[in-house]
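Subject: Structure handover

Hello,

Please find the structure below. My notes on it follow.

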Amino acid sequence: MDQHAMDRYIKSMIKEAGHRIRNSFLSDISVDTKAHANDLVTNVDKEVEKFFIRHIREDFPGHRVFGEEGYGDTIEELSGIVWMLDPIDGTMNFVHQRRNFAISLGIYEDGVGKMGYIYDVVNDDLYYAVAGGGAYYNDERLQPLIETDISESIIGMNAMWATPNRHVEHEATIRLVHEARGMRSYGSAALELAYLASGRIDAYISMRLSPWDIAGGLVMANEVGAVASNFSGQPANLLKSDTFVAANPSIHGKLLEDYIKPKHI
Ligand code: IPD
Ligand code: CA
Ligand code: CA
Ligand code: CA
């Protein structure tokens, strides 16, 4: 299948999955917890992951899938083609708000991002990118990010990191809260990356994200010139959970140098 056909295939699969998620609102959703009481998962997260995997296995037998709910493959290296899937990114929002969550999908070849899709299911908004072919918000091409400064930036970050915590020096984070134009916390890493690529926010910072949270968004971020790394400035981790900062290229360095002060790295 060539890239155009694959793009059409993926879009139609994502739209179908979105339809299923919207329909799930009509019946009871069963909510479980995973690592702790606020780490939620539902039958819908699992069913949507299985839906994608069924199609991928049938139509792309040589490809591997790295999915959050564990129905895909065990991925320890990124050779060949790997689909990185988060069936619902923002499960807490899905359960409590019934909005502000997304399907996130990134397609990587030998570790290089080729295609990225983030689907805001309730608003029927699709953000996507093909490496070298630009990033799009529905049919609108997203423009390269323009230079900005911390004082004119809107930063996506959980408010927790401006309170005493074991990950970062919260005094530096508080300084960021004061010196940035505004802070936002949307509760879906994938949507926050889509907003960064669309220029609606200028940076997104997280203490711990997994490969499927960022895989789709990274392809999009790249296409508009955003820069992403972990807190040590190394490339974003596509195999394990890690710290993460993606930002407009004119503030990424400043965020790392002046405002994000990790305690253990
Ligand atoms: C979560 C969301 C959230 C982020 C968490 C992720 P999930 O994904 O992206 O915004 O802060 O770290 O785990 O579990 O809802 O797919
Ligand atoms: Ca989860
Ligand atoms: Ca996620
Ligand atoms: Ca998820």
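This is a predicted model: local features need pLDDT of at least 70, side-chain atom pairs count only at pLDDT 80 or more; totals for chains, interfaces and linings use all residues.

Residues are numbered from 1 along each chain as its sequence is written, while chains are lettered from A and ligands numbered from 1 in the order in which they are written.

Loop between helix 3 and strand 5

Arginine 98 sits in the loop between helix 3 and strand 5, and asparagine 100 lies in that loop too. Arginine 98 has a positive phi near 60 degrees, though it is a residue other than glycine. Asparagine 100, also not a glycine, has a positive phi of about 60 degrees. For background, most residues other than glycine have a negative phi.

For burial, the count is of other C-beta atoms within 10 Å of a residue's own, with C-beta atoms placed from the backbone: 20 or more is buried, 12 or fewer is exposed, and anything in between is partly exposed. Arginine 98 counts as partly exposed because it has 14 C-beta neighbours inside 10 Å. Asparagine 100 has 18 such neighbours inside 10 Å, so it is partly exposed as well.

Domains

The protein is divided into domain 1 (3-141) and domain 2 (150-259); these bounds come from an automatic or database domain assignment. The C-alpha centres of the two domains lie 21 Å apart. Their contact takes 33 residues from domain 1 and 25 residues from domain 2, where two residues are in contact if their C-beta atoms, placed from the backbone, lie within 7 Å.

On the side of domain 1 that touches domain 2, the elements that give two or more residues include helix 3 (91-96), strand 4 (81-89), strand 5 (102-109) and strand 6 (112-120). Strand 6 gives the largest share of that side, six residues. By type, the residues of that side of domain 1 are 18 nonpolar, ten polar and five charged. In this sorting, Ala, Val, Leu, Ile, Met, Phe, Trp, Tyr, Cys and Pro count as nonpolar, Asp, Glu, Lys and Arg as charged, and the others, Gly among them, as polar.

Ligand 1

The residues around ligand 1 are Glu68, Asp86, Asp89, Gly90, Thr91, Gly187, Ser188, Ala189, Ser206, Arg208, Leu209 and Asp213. A residue is near a molecule if its C-beta atom, placed from the backbone, lies within 6 Å of it.

Strand 4 and strand 12 (203-209) each supply at least two residues of this shell, and strand 12 gives the most, with three residues. The shell divides into two nonpolar, five polar and five charged residues.

Helix 5 and helix 6

Helix 5 (residues 189-197) is mostly covered, with nine of its nine residues buried. Among them are Leu191, Glu192 and Tyr195. The axes of helix 5 and helix 6 (residues 211-223) come within 8 Å and cross at roughly 5 degrees. That makes helix 5 roughly parallel to helix 6, a term used for angles under 35 degrees. Axes here are lines fitted to C-alpha atoms over the stretch in contact, and angles run from 0 to 180 degrees between N-to-C directions.

The contact is made by Ala189, Ala190, Leu193, Ala194, Leu196 and Ala197 of helix 5 and by Asp213, Ile214, Gly216, Gly217, Met220 and Ala221 of helix 6. These residues divide into nine nonpolar, two polar and one charged.

Helix 5 is followed by glycine 199, whose phi is positive, near 75 degrees. Arginine 200 is in the loop between helix 5 and strand 12. With 15 C-beta neighbours inside 10 Å, arginine 200 counts as partly exposed. Arginine 200 is 47 residues from serine 153 in sequence, and their C-alpha atoms are 9.6 Å apart in space.

Two exposed residues

Histidine 178 is in helix 4 (residues 170-179) and is exposed, with 8 other C-beta atoms within 10 Å. Aspartate 32 lies in strand 1 (residues 31-33) and is exposed, with 11 other C-beta atoms within 10 Å.

Regards

Definitions and conventions: Helices (H or I, at least four residues) and strands (E, at least two) are DSSP runs, numbered from the N terminus. Angles under 35 degrees count as roughly parallel, over 145 as roughly antiparallel, 65 to 115 as roughly perpendicular and the rest as oblique.
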